[in-house]
Amino acid sequence: MQNSKKILLLAACIWSYCAYAQQGGFTSQPVKRGDYSFVVYVSGGLGHYPAYSKDLAYLDPKIQNVNPVSTIRIMWHPDHLVKVGLETGYLTFLNYTLTDSAGQRGKVLLNATPLLVEWTMALTKRFNVFAGSGVYFLTTNLDYKGKTRSKKISVGWMAAASYIQPVTKNMGIGAELKWLDAAESRDGTICLQLQWVWRFLKW
Amino acid sequence: MNHSYRKGIQLVLFFFLLAGQTAIKAQDVPIDHQKRIFFPYPMDRKWSTSVGFTGTTMPYEITEELHFRMPAGDVHILRRLHNKWYLDGHLSLQGLQNLITLGPRIAIPVSDRLSMAAGNDIGFWFGIINVQGVKTKGTGWQNYPNLSLGYRFNKRILVTLKAESIMNIGINTHAGDIKVTTDYRLFSGSAYTLALEQPFYGKKSLTLAFRAIYTNFYWQTWTLFEPYDRNLFFPQIIVGIIL
Amino acid sequence: MKISITILFVCLIIFSCKRNFEAPVPDTHWNLFESAEKLPSMARPGVEGIYNFKVGSDVFGAAAAAKWSYSANGNDTIYHLSLFCEKEVSYFILEGKKSGDSILLNGYWRKMVNTETGIARFTIAAVNGARNLLNGIPMGAADSLVLDGKYGNGPAMPDQPLRLKYNRPLYKAKPLQIVAHRGGGSTADLLPASENSVAMINLATRFGATGIEIDVRSTSDKVFVLFHDATLNERLIRKNGLLGPIENYSYDQLYTLVRLKQGERIPTLKEALHTVVYNTALEYVWLDTKFTGPIDELVKIQRQYMQEAAAIGRKLEITIGIPDQQVLKNFLALPDHNNIPSVCELTPDDVVAANSRIWAPRWTLGLQNEQVQQVHAQGRRAFVWTLDVPENVFEYMNQGDFDGILSNYPSIVAYYYYAKQ
């Protein structure tokens, strides 16, 4: 239940935040019936992937706990609540250096490019939730007694919540809390990103 | 993996909660105007039909290195019977193996926003698949007693939590001429569905649901002939358009 | 609001209840057993046999087959008495000691179809046969041999009674190779060792195996290692960030960086076969060839360990697996392939082409009695793979004519075999 407590605490914080959301400007909610648009979300930030030193103790690891996560998403905003789109990007799940029993050092990087179909819904004018599923193209980059690059495709998921502050009628900036998980990476990364949102096509 | 699933599920649930929490200022829409399949409420229309698909992720324990998601076509049909009673029919279609379930429901509104339903579905699955040159055949009867709890938010969002008990009352599989299993697992496991239904394109509605299945026999895996008696986890995504 | 919170709580509670399945071997420490003496070797053979459950049949089935196995480590040899039971693929693994004129048996039990396990303790009282066994008196009238004991669930102290009464000797009339899949069992079955590990190979005979099948892959620097899946993945290894085909990595990288689920290293084929020859009583090894390159180096290793086994008087057969046409092609390219022991999973014609000692069809192809007899007529043997459903094991054992059965559950094969009359 430890996780549940954390989630509830998070829920309370975000709920409070949402309650103060202001009106006007950019919104992901339908502008009016019949409006259709494409919206691009460009996001960059940092993610945390749960990797514990004790699990890798035999490698004497130095784990980089926070790693960059950059994503781009295009959503189709029709005149109803639920919107659909695609997201891709580049992220690092796991990043650590190791030292073997002979003192030789090495480095492991597990990177991923997700390709996810996503659904989103505006909860308020500024606050949106996302959920999606698809594949992750995973790449291990190992530098220990030679360099090895190894790839694997994995099924995966995502969930996110974002808050967008309007800048112009078709543009906004925001922040997004996101969970990205590939089945083969064992655990997901939870990341916080800054976001630039642009409604680049409307008809 | 399990830890990861759990965290993800909790996050998704949390977003579902927010969906309700943040819709306070929106215009209310009466339930009669909203199409629904999962939401437990007496039917106003004679028929209600949903077409979509499911994707079920198979556990490593039985599919080994193949960690894949198995898609299936999904057709859900409701037929109003009398007052609070209706029939719930469901087809899960994969061509070579399919499941059909049918059962009555009684839906009881508890308050203006809250309602619940109880039902019992009888299911029958069958499949004929050529596995590496060997014709395998399987059939089975199932029973799904179920309870649903629905809450209608005022932004045309219907959230339903459905709990089912999974009873396998006959599993018969053959590989070629060899009879592999004749099994009876009364309490095979349970399933919990969290479904979100809301208006979509045109006059249609969209169902997005997550179903957590814990069972010692999942009908889509009958060709694997596993003798396990462990309640493995099969996460399932359900997407449907209510016509 | 309250309702929403309630719904959230209900959901969180439900979805937080995902079970992580485990079946850890319980702590079997027993003071009385620790202070007891080593069991004389002459006492062991008489204990083997088929026993009927007089108490406990509702949990473990009607009967059990008791069989000793050993693990050797230099001059130190440890003997285990396994009881193979019918119900839900259950077994006991016990060590024996002498306490006065009684025999104590201490260990654990496990059901393979689920995660049930627990401590098990037995006593063979002097009047129930121990006196005769300890004095090396042949158990001609062995029907007086009785194992009285208790079993517990999980780590709990044993409190449920058990009573087994000797019925008859083990069946051995027609030999059967009981071949354990992946070195002894699958990681998914929550055994105390990982599949395709040295630790698992050491356990194989305790599970009833007389032979093992192991999966051979090649690293980027052409070292043969044991690994079933084509890629490193969370099913088989602990989280370390390494993914993708095992052939992408060098042996040094795998040796240092990868740990199997139970913490073992990925073994080389040589380490595995060394263990088979010097630490176990296994008679047969099936090398499942899971790489597609030349196999001449594999044949050299096969020869080396068969010679080493012969040199110490060990009866051991190692066969190269031919699972597909590509491996068959590589095998036939070997100049002396006719003299290389192999096991071929393809058609009887391919078996003849490769001059394989063993034909190994998939079980779903059926009993194939006619083809099996034809293979026998050619002086070859026939093994069937991979039989895991107990009813099918029984059917193949009693209606088929196979000389070997490959299974993830060697204990159930052992039970049905030794219990034959």
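This is a predicted model: local features need pLDDT of at least 70, side-chain atom pairs count only at pLDDT 80 or more; totals for chains, interfaces and linings use all residues.
**Chain A**

The secondary structure of chain A consists of 1 helix and 9 strands. Of the 203 residues in chain A, 56% are buried. The chain exposes about 8800 Å², and carbon and sulfur atoms supply 64% of that area. When contacts between residues at least 6 apart in sequence are considered, 61% of those in chain A join residues at least 24 apart.

**Chain C**

Strand β7 of chain C spans residues 117-124 and includes T117(C). T117(C) counts as buried because its relative accessibility, 9%, falls under the 20% limit. Beyond its neighbours within four places in sequence, T117(C) contacts A23(C), P24(C), P26(C), Y108(C), W109(C), R110(C), G152(C), N153(C) and G154(C). The C-alpha atoms of T117(C) and G154(C) are 5.5 Å apart, although 37 residues separate the two in sequence.

Helix α13 of chain C, residues 410-418, is mostly covered, with 9 of its 9 residues buried. Among these buried residues are P410(C), I412(C), V413(C) and Y418(C).

**Cysteines and burial**

Over all chains, a search of the whole structure finds 0 disulfides.

| Residue | Relative accessibility | Class |
|---|---|---|
| C191(A) | 1% | buried |
| C85(C) | 0% | buried |
| T117(C) | 9% | buried |

Definitions and conventions:
Residues are numbered from 1 along each chain as its sequence is written. Chains are lettered from A and ligands numbered from 1 in the order in which they are written. Side-chain values use heavy atoms; hydrogens and water are left out. Helices (H or I, at least four residues) and strands (E, at least two) are DSSP runs, numbered from the N terminus. Buried means under 20% relative accessible area, exposed over 50%, partly exposed in between (1.4 Å probe, protein chains only). Contact means heavy atoms within 4.5 Å. A disulfide is a pair of cysteine sulfur atoms within 2.5 Å. Accessible areas come from the Shrake-Rupley method with a 1.4 Å probe; for residues, only the protein chains shown count as cover.
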